[in-house]
Amino acid sequence: MALHLAWAFVFGVLGNVVSFLVSLAPLPTFYQIYKKKTSEGFQSIPYVISLFSAMLWIYYALLKKDAMLLITINTFCVFIQTFYLVAYFYYGPKKEKVEAVKLILLFNVFGFGAIFFSTFFLRNPLTRLQILGYICMAFSLCVFVAPLGILRKVIKTKSVEYMPFTLSVFLTLGAVMWFFYGLLLKDMNIAVPNVLGFVFGILQMILYAIYKNHPKKTVQDPKLQLSSHHMVVDVAKLGSTVCLEVNAVAPHPNETNTNHDHDGNNGDASNKV
């Protein structure tokens with residue numbers, strides 16, 4: 001039994017390290033926001049969902065009482081996602097700020113509050129932990145479906161431009177670490193979702209190997225481009241957190257070139273790109 005706990009600690013520490021690195025994935029995104037002085041074109045929902053997931057898993061770990069490594073990584077996740085949201089609010093346009101507030105109220109206030117008050121006052125601690133575990137596992141499984149969006153896009157465009165290989169590797173490694181952590185603790189609420197995370201991670205790497213040498217195709221719809229970026233989600237550590245990680249680049253407005261006709265006059269508007 002002591003050996004199982006020792007191995008669980010090892011995998012938990014490795015899971016913390018991998019998840020910590022993946023949690024920092026959005027930093028290039030926010031560096032671009034800082035340079036442009038605007039968060040327009042980026043979405044707040046990945047960070048809101050990440051914060052919500054981290055709050056859920058901290059609550060679960062506190063009730064479980066023997067999952068300190070879940071608390072450590074999710075505490076960091078709460079901090080880093082709060083930082084991302086503060087930066088988003090600071091540089092965000094008014095309309096996007098309003099949308100972000102609505103999402104925070106929906107998930108982090110009312111959503112988490114409803115889960116907390118519906119479980120915390122249950123008399124049987126085991127029943128409380130079991131119900132909360134099912135909620136966490138169901139939420140984790142739902143978020144693990146997110147990579148389907150980018151997998152579909154890779155197959156459709158035959159391009160891996162929007163699926164960073166390094167991130168896919170780290171997500172897969174994280175899923176392995178947290179799976180064994182949950183398995184050794186005999187906690188299927190942690191282990192089961194990461195099986196799906198591992199499968200999706202392997203699929204991403206297979207698709208990368210297939211399409212890495214294909215020429216890049218430009219995505220004409222900027223909304224489609226954005227959505228695929230933001231669905232690159234840190235779901236590999238859903239045994240500990242669903243830190244939706246984005247490695248996106250804001251879409252640049254098309255440059256407008258003025259074409260001149262042979263007489264020196266400006267061309268039609270339709271000739272402008």
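Me: Contact means heavy atoms within 4.5 Å. What does Ile115 contact, leaving aside its neighbours within four places in sequence?

Reply: Phe52, Leu56, Leu132 and Ile135. This is a predicted model, where local features need pLDDT of at least 70, side-chain atom pairs count only at pLDDT 80 or more, and totals for chains, interfaces and linings use all residues. Residues are numbered from 1 along each chain as its sequence is written, and side-chain values use heavy atoms, with hydrogens and water left out.

Me: Why is Ile115 called buried?

Reply: Buried means under 20% relative accessible area, exposed over 50%, and partly exposed in between (1.4 Å probe, protein chains only). Ile115 has 14% relative accessibility, so it counts as buried. Ile115 is found in helix H5. Its C-alpha atom is separated by 9.8 Å from that of Ile131, 16 residues apart along the chain.

Me: What makes up the fold, by helices and strands?

Reply: The protein has 10 helices and 0 strands. Helices (H or I, at least four residues) and strands (E, at least two) are DSSP runs, numbered from the N terminus. The element order is α-α-α-α-α-α-α-α-α-α. Of the 273 residues, 46% count as buried. Among contacts between residues at least 6 apart in sequence, 77% join residues at least 24 apart.

Me: Why are H3 and H5 called roughly parallel?

Reply: Two packed helices are described by the angle between their axes and the distance between the axes. Axes are lines fitted to C-alpha atoms, for helices over the stretch in contact, and angles run from 0 to 180 degrees between N-to-C directions. Angles under 35 degrees count as roughly parallel, over 145 as roughly antiparallel, 65 to 115 as roughly perpendicular and the rest as oblique. H3 and H5 cross at roughly 15°, with axes that come within 9 Å. The pair is therefore roughly parallel.

Me: Which residues join H3 to H5?

Reply: On the H3 side they include Phe52, Met55 and Leu56. On the H5 side they include Phe112, Ile115 and Phe116. The crossing is right-handed. A crossing is left-handed if the near helix is turned anticlockwise from the far one by less than a right angle, and right-handed if clockwise.

Me: What makes H3 antiparallel or parallel to helix H6?

Reply: H3 (residues 45-64) and H6 (residues 125-144) cross at roughly 155°, and their axes come within 10 Å. That makes H3 roughly antiparallel to H6. The H3-H6 crossing is left-handed. Among the residues that meet are Phe52, Leu56 and Trp57 in H3, and Leu132, Gly133 and Cys136 in H6.

Me: How do you know which way H4 runs against H5?

Reply: H4 and H5 (residues 94-119) pack at about 150°, with their axes 9 Å apart. They are therefore roughly antiparallel to each other. Their crossing is left-handed. Leu85, Tyr88, Phe89 and Tyr90 in H4 meet Glu96, Lys97, Ala100, Val101 and Ile104 in H5.

Me: Why is Lys37 called partly exposed?

Reply: Lys37 has 46% relative accessibility, so it counts as partly exposed. It lies in the loop between helix H2 (27-36) and H3. Lys158 has 35%, so it too counts as partly exposed. Lys158 sits in the loop between helix H7 (147-157) and H8.

Me: What makes the phi of Lys37 worth a look?

Reply: Most residues other than glycine have a negative phi. Phi of Lys37 is near 60°, a positive value. Phi of Lys158 is near 55°, also positive.

Me: Where does UniProt place the "transmembrane region" annotation?

Reply: The unreviewed entry covers 6-33, 45-62, 68-91, 103-123, 129-150, 162-184 and 190-211. Such annotations may be inferred rather than shown by experiment, with positions in the numbering used here and feature names shortened. In the model, residues 68-91 are 100% helix and 0% strand, with end C-alpha atoms 35 Å apart. Residues 6-33 are 89% helix and 0% strand, with end C-alpha atoms 43 Å apart.
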